[in-house]
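Open your viewer and get ready to click along. We will go from stop to stop, selecting a few residues each time and looking at what is there.

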Amino acid sequence: MPANILDGAATAEKIRNQVAEEVARRIAEGKPAPGLATVLVGENPASQVYVRSKHRACQQVGMQSFAYELPETATQKEVEDLVRSLNADPNVHGILVQLPLPSGLDEERVLGAISIEKDVDGFHPVNIGRLAQKGREPLFVPCTPAGCMVLLQSVLPDLNGVNAVVLGRSNIVGMPVALLLVRANATVTICHSRTRNLPEVCRSADVLVAAVGKPEMVRGDWVKPGA
């Protein structure tokens with residue numbers, strides 16, 4: 001069976017257009033444009049690229065964006081104080097703290113300081129906890145797992161009962177995407193570095209999500225025909 005290529009760029013463009021229409025409608029109603037604040041600590045080159053792309057995306061859809069940068073030497077208190085000031089800023093509707101933070105900073109404390117109403121990355125413990133609980137709804141869902149689900153359901157809308165295998169259990173991608181698959185009524189297996197007979201487990205999957213950050217780890221014979 002030939003591979004089914006999922007066009008992420010086309011899907012992203014469609015979503016951007018929808019968001020731009022919603023922002024324009026909001027402004028036409030006399031409401032302020034949504035505002036996104038980013039917090040970048042240090043000078044990690046990859047993080048700088050990600051942050052720039054977020055501000056560019058805001059500009060494309062008519063949103064406001066506010067960039068806050070702190071030096072790598074910033075203290076825990078300085079980072080948390082900045083987050084709390086953004087919580088109180090009425091022009092800021094969403095806060096993104098770019099990860100990873102420099103060594104020596106407590107990531108969990110920083111993420112926990114973000115107001116859950118502005119936690120657009122979906123990493124606050126309350127939002128993750130709601131995602132994990134049946135009958136509870138998080139205010140926000142981590143964006144990469146959410147994007148995975150949008151792409152997956154564009155070709156497989158009904159996930160009821162499918163066998164899904166997720167490679168990786170990170171807080172950023174692996175665990176949240178597994179929870180989203182459970183919410184879609186898939187039967188989910190989470191694999192990690194200590195999983196036994198990994199190729200065999202992968203071959204059992206109707207849906208296989210690789211979230212390990214290692215190119216070409218999944219080999220062709222790990223994927224069953226039609227998955």
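Predicted model: local features only at pLDDT ≥ 70, side-chain atom pairs only at ≥ 80, totals over all residues.

Residues are numbered from 1 along each chain as its sequence is written, and side-chain values use heavy atoms, with hydrogens and water left out.

**Stop 1: the two domains**

The size of an interface is often given as the accessible area lost when the parts come together. Here the buried area (the accessible area, with a 1.4 Å probe, that two parts lose on being put together, summed over both) is about 470 Å² between domain 1 and domain 2. Carbon and sulfur atoms give 74% of it. Now select Thr11, Asp121 and Phe123: in domain 1 these lose the most area to domain 2, together 60% of what that side buries.

**Stop 2: a trio of charged side chains**

The structure as a whole holds 7 salt bridges, so let us visit some of them. Select Glu80, Arg84 and Arg109, which are linked in a network of salt bridges. Arg84 and Glu80 meet at 3.2 Å, N to O. Both lie in helix α3 (residues 76-87), 4 residues apart, about one turn of the helix. Helices (H or I, at least four residues) and strands (E, at least two) are DSSP runs, numbered from the N terminus.

Arg109 also forms a salt bridge with Glu80, with the closest N and O atoms 3.0 Å apart. This pair links distant parts of the chain, Arg109 being in helix α4 and Glu80 in helix α3, 29 residues apart.

Is Glu80 buried or exposed? Glu80 counts as buried because its relative accessibility is 7%; buried means under 20% relative accessible area, exposed over 50%, and partly exposed in between (1.4 Å probe, protein chains only). Arg84, at 43%, counts as partly exposed, and Arg109, at 46%, counts as partly exposed too.

**Stop 3: Arg183 and Glu137**

Next, select Arg183 and Glu137, a salt bridge whose closest N and O atoms are 3.2 Å apart. Arg183 is in helix α7 (residues 174-183) and Glu137 in the loop between α5 and α6 (143-155), 46 residues apart. Arg183 is partly exposed at 32%, whereas Glu137 is exposed at 56%.

**Stop 4: His124**

Select His124, in the loop between α4 (107-113) and α5 (125-132). With a relative accessibility of 10%, His124 counts as buried. Leaving aside neighbours within four places in sequence, His124 is in contact with Leu111, Gly112, Ile114, Ile116 and Asp119.

**Stop 5: Glu69**

Finish at Glu69 in strand β2 (residues 64-70), which is exposed with a relative accessible area of 64%.

Key
Contact = heavy atoms within 4.5 Å. Salt bridge = Lys/Arg side-chain N within 4 Å of Asp/Glu carboxyl O.
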